[in-house]
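Subject: Structure for your review

Dear colleague,

My notes on what was found in it follow.

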Amino acid sequence: MPPDLVVIHCTELPDLASAREFGEKVLYPSGTGNSGHYYIDRDGSLHQYVGLERVAHHVRGYNGRAIGIELVNAGRYPNWLAAAGQQMSEPYADAQIGTLVALLQWLQVQLPSLRYIEGHEQLDTTQVPAEDDATTLVQRKLDPGPLFPWPRVLQDIALRRLSTTAATP
Ligand SMILES: [Zn+2]
């Protein structure tokens, strides 16, 4: 189906090079791995890893309808699943958000089927036992996290959030 959804991620890795290395790991028999279509570095530079005509593996259950955009941000690195490591303290850079908005506006023109935008954390709410404390559950996915500036991004695009759309038809 033509994509109707954009999913916002952050890499939860220190830099673009480590994100690229992770994205190129082969994890599936089809010869593919986990990667977004686009990566945006802290300086606002834009990198395309997967063509828009291809399905990328970046979000459980929604890949067939979704374009994935990864923002380079440390997130919970390196204690992703530790109970004591759940704070995401790196702000998103202005240049990075500027590029994201421009990319979203361009994508709306390229792919008129697009309607929705959502964060990975809203689409995969799986909880798992923390690595350092099995009695505590942590979110498997927490990106892009509380520091992602949703109001700033939404004011300049025509896409609506999928989760709020579902709640208020
Ligand atoms: Zn993600």
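Donors are taken here as N, O and S atoms within 2.8 Å of the metal (3.2 Å for Na, K and Ca); water is not among the atoms, so sites may look incomplete. This is a predicted model, in which local features need pLDDT of at least 70 and side-chain atom pairs count only at pLDDT 80 or more, while totals for chains, interfaces and linings use all residues. Residues are numbered from 1 along each chain as its sequence is written, and side-chain values use heavy atoms, with hydrogens and water left out.

Along the chain, the donors of the zinc ion are spaced as H-x110-H-x22-D. His9 (ND1), His120 (ND1) and Asp143 (OD) coordinate the ion at 2.0 to 2.1 Å. His9 belongs to strand β1 (residues 5-10) and Asp143 to the loop between β7 (133-139) and α4 (150-154), so this pair ties together parts 134 residues apart in sequence. Helices (H or I, at least four residues) and strands (E, at least two) are DSSP runs, numbered from the N terminus. His9 is buried at a relative accessible area of 1%, and Asp143 is buried at 2%; buried means under 20% relative accessible area, exposed over 50%, and partly exposed in between (1.4 Å probe, protein chains only).

Salt bridges

The structure holds seven salt bridges, each defined as a side-chain nitrogen of Lys or Arg within 4 Å of a carboxyl oxygen of Asp or Glu. One of them joins the side chains of Arg76 and Glu12 (2.9 Å, N to O). This pair links distant parts of the chain, 64 residues apart: Arg76 is in the loop between β4 and α2, and Glu12 in the loop between β1 and α1 (16-23). Arg76 is buried, with a relative accessible area of 2%, and Glu12 is buried at 6%. The side chain of Arg76 also reaches the backbone oxygen of Gln139 at 2.8 Å, a polar contact being a pair of N or O atoms within 3.5 Å; within protein, one must be able to donate a hydrogen and the other to accept it, and residues adjacent in sequence count only if both atoms are side-chain atoms.

Arg161 and Glu118 form another salt bridge through their side chains (2.8 Å, N to O). Arg161 lies in strand β8 and Glu118 in strand β5 (residues 116-119), 43 residues apart. Arg161 is buried at 16% relative accessibility, and Glu118 is buried at 0%.

Yours sincerely
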